[in-house]
Amino acid sequence: MLIKDVDQLSAACKVRCEAFLARCKDLRFDVAIVETKRLMRTQLAYYSKGREEEAYVDKLYILADLPKPSNYNIVTWTMDSKHLTGDAFDACPLDKNGKLWWNAPDQVWEAMAKIGEGVGLSAGRRFKTPDSPHFQVRA
């Protein structure tokens, strides 16, 4: 199950997520929260991509109440995600038609990272393996 509810975040992450969204709005920068807290079965489904047989991945996605994956590439590098504790969220810019803009130019993702960092979040864009939509409470 994909959880997008900001109220499911930890108190520390929720206040920063709300500040992130407010700052984006102030800058007329349209973004959407695409995932907040994550259930372990969802994490397991994500982690299986690129590591398990496609049929097995499909079964895990069904068990996690997720739509069938559009690809089988690795999308997470850990089973210990900060999403599991509500200390992380994923955000995506919106295009001029209000649609998720996953292939936005690099400068858009960079602007989002700077906004997140400005409100006290760590930006996944800075990770060793960059994860531009990801923001989490600083350790």
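**Close-up views of a predicted model**

**View 1. Phe20, Arg23 and Cys24 of α1 meet Met112, Ile115 and Gly116 of α4.** Contact means heavy atoms within 4.5 Å. The residues of this contact divide into four nonpolar, one polar and one charged. Ala, Val, Leu, Ile, Met, Phe, Trp, Tyr, Cys and Pro count as nonpolar, Asp, Glu, Lys and Arg as charged, and the others, Gly among them, as polar. The model is predicted: local features need pLDDT of at least 70 and side-chain atom pairs pLDDT 80 or more, while totals for chains, interfaces and linings use all residues. Numbering starts from 1 along each chain as its sequence is written, and side-chain values use heavy atoms, without hydrogens and water.

**View 2. Helix α1 (residues 11–26) packs on helix α4 (residues 106–118) at about 130 degrees.** Their axes are 9 Å apart. Axes are lines fitted to C-alpha atoms, for helices over the stretch in contact, and angles run from 0 to 180 degrees between N-to-C directions. Helices (H or I, at least four residues) and strands (E, at least two) are DSSP runs, numbered from the N terminus. α1 and α4 are therefore oblique to each other.

**View 3. The axes of helix α2 (residues 40–48) and helix α3 (residues 54–63) cross at roughly 160 degrees.** The two axes come within 9 Å. α2 is therefore roughly antiparallel to α3. Angles over 145 degrees count as roughly antiparallel, under 35 as roughly parallel, 65 to 115 as roughly perpendicular and the rest as oblique. Arg41, Leu44, Ala45, Tyr46 and Ser48 of α2 touch Val57, Leu60, Tyr61 and Leu63 of α3. By class, that contact has seven nonpolar, one polar and one charged residues.

**View 4. The lining of the largest pocket holds 14 nonpolar, ten polar and ten charged residues.** A pocket is an open set of points on a 1 Å grid over the protein atoms alone, where a 1.4 Å probe fits, with protein on both sides within 12 Å along at least five of seven lines; lining residues have an atom within 4 Å of a point. Glu35, Arg38, Tyr46, Val75 and Asp90 lie nearest the pocket centre.
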